[in-house]
Amino acid sequence: VLAGLRLAADDPEAVRVFRQVQRHARGDAAIHLFFDPEMIKRVSNERFISALYTASDVVIQKSIREGFGLTVTEAMWKGKPVIAGTTIGTMAQIRNGENGLLVASPEEAAAAIIKVMRDRRLAARLGAAAKKSVRQRFLLPRLALEMAEVYGELK
């Protein structure tokens, strides 16, 4: 599944890239592309993406430029192994080999996908560590506690 719903205004190349992927995938019944929000009009984008993460065996976010990406955090929170490009944002979220896998090239991404899909124990370990990592580092209660500690130090 390639899900890149045309909702982000900060991606001027999205339509061109999607059309290119669409041409390459034409005729392959195993490939599902979601780009137009009208395709899922009876379901909110949030529910669709949540269901997609839940049903996924692995989530790939192979950006070449990415800030702190919610795609990565949301998939990690669902306990899924995540394979991501080595960008500033993903490296802030993923510790390579501990709670996900970081890759620098399409070839590395392909090898990582095969590795995770063949080794279900590895997939489970990465997914569990990913969820724990999000709980410890990125959820609001932890952020609120950290903010309270900072305010306490200012007294």
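Q: Why are helices α3 and α6 called roughly perpendicular to each other?
A: In this predicted model, the axes of α3 (residues 70-77) and α6 cross at roughly 115 degrees and come within 7 Å. Angles of 65 to 115 degrees count as roughly perpendicular (under 35 is roughly parallel, over 145 roughly antiparallel, the rest oblique), so α3 and α6 are roughly perpendicular.

Q: What makes the contact between α3 and α6?
A: On the α3 side you'll find T73, M76 and W77, and on the α6 side G127, A130, K131, S133, V134 and R135. Contact here means heavy atoms within 4.5 Å.

Q: Why is S133 called buried?
A: S133 sits in helix α6 (residues 120-137). Buried means under 20% relative accessible area, exposed over 50%, and partly exposed in between (1.4 Å probe, protein chains only). S133 has 5% relative accessibility, so it counts as buried.

Q: How do you know that S133 and N99 make a polar contact?
A: Their side chains are joined at 3.1 Å. A polar contact is a pair of N or O atoms within 3.5 Å; within protein, one must be able to donate a hydrogen and the other to accept it, and residues adjacent in sequence count only if both atoms are side-chain atoms.

Q: What is the average pLDDT of the protein?
A: It's 87, and 93% of the residues score at least 70, with pLDDT being the predictor's confidence in each residue, from 0 to 100.

A quick note on the ground rules. Residues are numbered from 1 along each chain as its sequence is written, and side-chain values use heavy atoms, leaving out hydrogens and water. In this predicted model, local features need pLDDT of at least 70 and side-chain atom pairs count only at pLDDT 80 or more, while totals for chains, interfaces and linings use all residues.

Note on methods:
Helix = DSSP H or I, 4+ residues; strand = E, 2+ residues; numbered from the N terminus. Axes fitted to C-alpha atoms, helices over the stretch in contact; angles between N-to-C directions.
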